[in-house]
Amino acid sequence: MVLSLFYLKIVRRYDIILIQEIRDSKGKAIDKLVDLVNSQASPFQYDYVISERLGRTTSKEQYAFLYRTNSGISVISTHTHNDGDEASGTDLFEREPFMVHFKVTSTEIRSFVLVGIHTKPEKAVDEINHLVGVFSDAQAQFNTPNVMIMGDLNADCTYVGKRAWEKMPIRHDPEVHWLVGDEVDTTVSNTDCAYDRVLVMGDELVQSIIPNSAKVFDFQTTYGIDQETALDVSDHFPVEVSVKSNTTSGVEQWQQLPFYTATSIVIVVIYKVLQRCV
Ligand SMILES: [Ca+2]
Ligand SMILES: [Ca+2]
């Protein structure tokens, strides 16, 4: 199968998709991807919002959120976290978190904020701790407690060891819910690391998440491809989480329904994809 067909299949599984590590300086890759998913006969149509090119050096990346417009999803506003002064070296993030306030008519919860972050691996401990301030900023910017931070946090293996976790306040903050456990492997390669995480704040958003729905999507096994091909698609597996649809009104009900439509939110790290799309 042509690589682009994998991107098509992966994107179309979801209502909202965060794509990270978009590196093409001309900005054509994301348009090409969106054209691809919208082109072939499909009941689904996607739109997107994209951040500035972010990064302290000439190596910059963008975050983009694709969202399915015919799932009742629209964007209210966006904001890039102001993390301090780059010139004086006192800023907190290599790539500032990008925030999007979504309005969704198809889920129980009618609006929430999603935040994309790709940490600098060597600074992962510090940057993850600073996400507490990012939650506060998002809650203030959009006047809502319901915020989900997601992305490649580099939150495992050599970048965040067991001892580091014990000293990280955000890990022990009772208001912050970690949906992807340390034992999960989000890497396509033979390493076993839970780099990609989903953090949630806000009672309404926490309660609207379908229990145990946060997991990796192992597209290598699902599509029956070898590891080499899978690595051509992405070096990370997408991490997905489902939010209760508004056709149900409680946990017991959705569990009993033979079919229900959940809105899924996924993180996918596919810069290689986008380079090849161009
Ligand atoms: Ca910065
Ligand atoms: Ca692995």
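Analyst: Happy to! Let's begin with touching: two residues are in contact if their C-beta atoms, placed from the backbone, lie within 7 Å. By that rule, and leaving aside residues up to four places away in sequence, His 118 touches Gln 20, Glu 21, Glu 61, Arg 95, Gly 151 and Asp 152. Please keep in mind that this is a predicted model.

User: What makes His 118 count as buried or exposed?

Analyst: A residue is buried if 20 or more other C-beta atoms lie within 10 Å of its own. His 118 has 27 of them, so His 118 is buried. Its place is in the loop between β6 (111-116) and α3 (124-129).

User: And why is Glu 61 called partly exposed?

Analyst: The label covers counts between the exposed limit of 12 or fewer and the buried limit of 20 or more. Glu 61 has 16 C-beta neighbours inside 10 Å, so Glu 61 falls in between. This residue sits in the loop between β2 (46-50) and β3 (62-68). Among the residues Glu 61 touches are Arg 23, Leu 54, Arg 95 and His 118.

User: Which residues carry the "active site" feature, and how do you know that they gather at one spot?

Analyst: UniProt places that feature, in an unreviewed entry, at Glu 61 and His 118. They span 58 residues in sequence, but no two of their C-alpha atoms are more than 9.1 Å apart, so they gather at one spot.

User: Why are α1 and α2 called roughly perpendicular?

Analyst: Helix α1 (residues 3-12) and helix α2 (residues 29-39) pack at an angle of about 75°, with their axes 10 Å apart. Angles from 65 to 115 degrees count as roughly perpendicular, and therefore the label applies to α1 and α2. At their contact, Ser 4, Tyr 7, Leu 8, Val 11 and Arg 12 in α1 meet Leu 33, Leu 36 and Val 37 in α2. By class, that contact has 6 nonpolar, 1 polar and 1 charged residues.

User: What makes β4 and β8 edge strands?

Analyst: The open sheet of 6 strands runs in the order β4-β5-β6-β7-β9-β8, with mixed pairing. β4 (73-80) and β8 (177-178) each have a single partner strand, so one side of each is left without a neighbour in the sheet.

User: How do you know that β5 and β6 pair?

Analyst: Two strands pair if DSSP finds at least two bridges between them. Strand β5 (residues 98-104) and β6 have 6 bridges, in the antiparallel sense, so they meet that cut-off. One bridge joins Phe 98 to Gly 116 in β6.

Methods
Residues are numbered from 1 along each chain as its sequence is written. Chains are lettered from A and ligands numbered from 1 in the order in which they are written. This is a predicted model: local features need pLDDT of at least 70, side-chain atom pairs count only at pLDDT 80 or more; totals for chains, interfaces and linings use all residues. Axes are lines fitted to C-alpha atoms, for helices over the stretch in contact, and angles run from 0 to 180 degrees between N-to-C directions. Helices (H or I, at least four residues) and strands (E, at least two) are DSSP runs, numbered from the N terminus. Angles under 35 degrees count as roughly parallel, over 145 as roughly antiparallel, 65 to 115 as roughly perpendicular and the rest as oblique. Ala, Val, Leu, Ile, Met, Phe, Trp, Tyr, Cys and Pro count as nonpolar, Asp, Glu, Lys and Arg as charged, and the others, Gly among them, as polar. UniProt positions are given in the numbering used here, feature names are shortened, and annotations may be inferred rather than shown by experiment.
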